[in-house]
Amino acid sequence: MAKKKAIPVSGYARIVFKISQEVYVIQINQKMYLMKYLAPEKELANPAWRLRKEDGDVIDVAMTPHGLTCTCADFNYRRQYEEKKCKHCCAISAVGLMNPL
């Protein structure tokens with residue numbers, strides 16, 4: 001079975017509330033996420049963020065030596081080797097918490 005082609009990411013992202021320097025509430029399209037900075041070893045990833053959706057699902061986004069990665073299904077099944085990344089990577093970049101894509 002062939003993979004579906006990834007459609008371009010669209011929508012909006014904004015910081016709703018800054019709880020601290022390492023914790024934010026962000027909105028990606030109509031979904032809210034609690035976003036927390038992770039402190040991995042700098043050789044592995046820098047920066048890295050954990051996004052927790054309202055339903056409890058957790059997604060990790062990180063800048064690694066191999067590029068931007070995300071644990072969401074869209075990234076892993078369709079965008080891992082593409083130049084344009086998933087909505088989570090794009091959103092964190094768009095709100096200024098990670099280097100632009």
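Trainee: Which residues do ring pairs link into a cluster here?

Mentor: Ring pairs tie Tyr24, Tyr37 and Trp49 together into a cluster. Keep in mind that you are looking at a predicted model.

Trainee: How many aromatic pairs is that, and how do I read one?

Mentor: The count comes to 2 aromatic pairs. To read a pair, look at the distance between the ring centres and at the angle between the planes; an angle over 60 degrees counts as edge-to-face. Take tyrosine 24 and tryptophan 49: their ring centres are 5.9 Å apart and their planes meet at 65 degrees, so this pair is edge-to-face.

Trainee: Is tyrosine 24 buried or exposed?

Mentor: Tyrosine 24 counts as buried, because its relative accessibility is 5%. Tryptophan 49 is buried too, with a relative accessible area of 4%.

Trainee: What about the pair of tyrosine 37 and tryptophan 49?

Mentor: That one is edge-to-face as well, at 5.4 Å centre to centre and with 75 degrees between the planes. Tyrosine 37 sits in strand S3 and tryptophan 49 in strand S4, 12 residues apart. Tyrosine 37 is partly exposed, its relative accessible area being 23%.

Trainee: Strands keep coming up. In what order do they form the sheet?

Mentor: Here's the general idea first. Strands of a sheet pair through backbone hydrogen bonds, and the pairing can be parallel or antiparallel. In this model, 6 strands make an open sheet, ordered S1-S2-S3-S4-S5-S6, with antiparallel pairing. S1 and S6 are the edge strands: each has a single partner, so one side of each lacks a neighbour in the sheet. From one strand to the next, the twist averages 20 degrees.

Trainee: How many bridges join S1 to S2?

Mentor: There are 6 bridges between S1 and S2, and the two strands run antiparallel. A hairpin of 2 residues connects them. You can find our tyrosine 24 here again: it is the bridge partner, in S2, of lysine 18.

Trainee: And which residue stands opposite tryptophan 49 in S5?

Mentor: Valine 61 does. S4 and S5 pair in the antiparallel sense over 5 bridges.

Trainee: Which side chains meet in a salt bridge?

Mentor: For a salt bridge, look for a side-chain nitrogen of Lys or Arg within 4 Å of a carboxyl oxygen of Asp or Glu. The structure holds 2 salt bridges. In one of them, arginine 50 meets aspartate 60, at 2.7 Å from N to O. Arginine 50 belongs to strand S4 and aspartate 60 to strand S5, 10 residues apart. Arginine 50 is partly exposed at 32% relative accessible area, and aspartate 60 is partly exposed at 21%.

Trainee: With which residue does lysine 53 form a salt bridge?

Mentor: Its partner is aspartate 57, and the closest N and O atoms are 3.8 Å apart. Lysine 53 has a relative accessible area of 18%, so it falls on the buried side of the 20% cut-off. Aspartate 57, at 41%, is partly exposed.

Trainee: Now the helix. Which residues of H2 are buried?

Mentor: The general idea is that an α-helix has 3.6 residues a turn, so residues three or four places apart point the same way. In helix H2, residues 87–94, the buried ones are His88, Cys89, Ala91, Ile92 and Ser93. They pack against strands S1, S2, S3, S4, S5 and S6. After H2 comes glycine 96, whose phi is positive, near 85 degrees.

Trainee: Which residues touch the most other members of the largest nonpolar core?

Mentor: That core has 20 residues, and the ones touching the most other members are Met35, Trp49, Leu51, Val61, Cys70 and Ile92. The elements that each give two or more residues to it are S2, S3, S4, S5, S6 and H2.

Trainee: What does isoleucine 92 touch?

Mentor: Leaving aside residues up to four places away in sequence, isoleucine 92 touches Met35, Trp49, Leu51, Val61, Leu97 and Met98. Notice Trp49 in that list; you met Trp49 in the ring cluster too.

How values were computed:
Residues are numbered from 1 along each chain as its sequence is written. This is a predicted model: local features need pLDDT of at least 70, side-chain atom pairs count only at pLDDT 80 or more; totals for chains, interfaces and linings use all residues. Side-chain values use heavy atoms; hydrogens and water are left out. Buried means under 20% relative accessible area, exposed over 50%, partly exposed in between (1.4 Å probe, protein chains only). Helices (H or I, at least four residues) and strands (E, at least two) are DSSP runs, numbered from the N terminus. Contact means heavy atoms within 4.5 Å. Rings of Phe, Tyr and Trp (its six-membered ring) pair if their centres lie within 6.5 Å; planes under 30 degrees apart count as stacked, over 60 as edge-to-face and the rest as tilted. Two strands pair if DSSP finds at least two bridges between them. Axes are lines fitted to C-alpha atoms, for helices over the stretch in contact, and angles run from 0 to 180 degrees between N-to-C directions. A nonpolar core is a set of buried Ala, Val, Leu, Ile, Met, Phe, Trp, Tyr and Cys residues joined through side-chain atoms within 4.5 Å.
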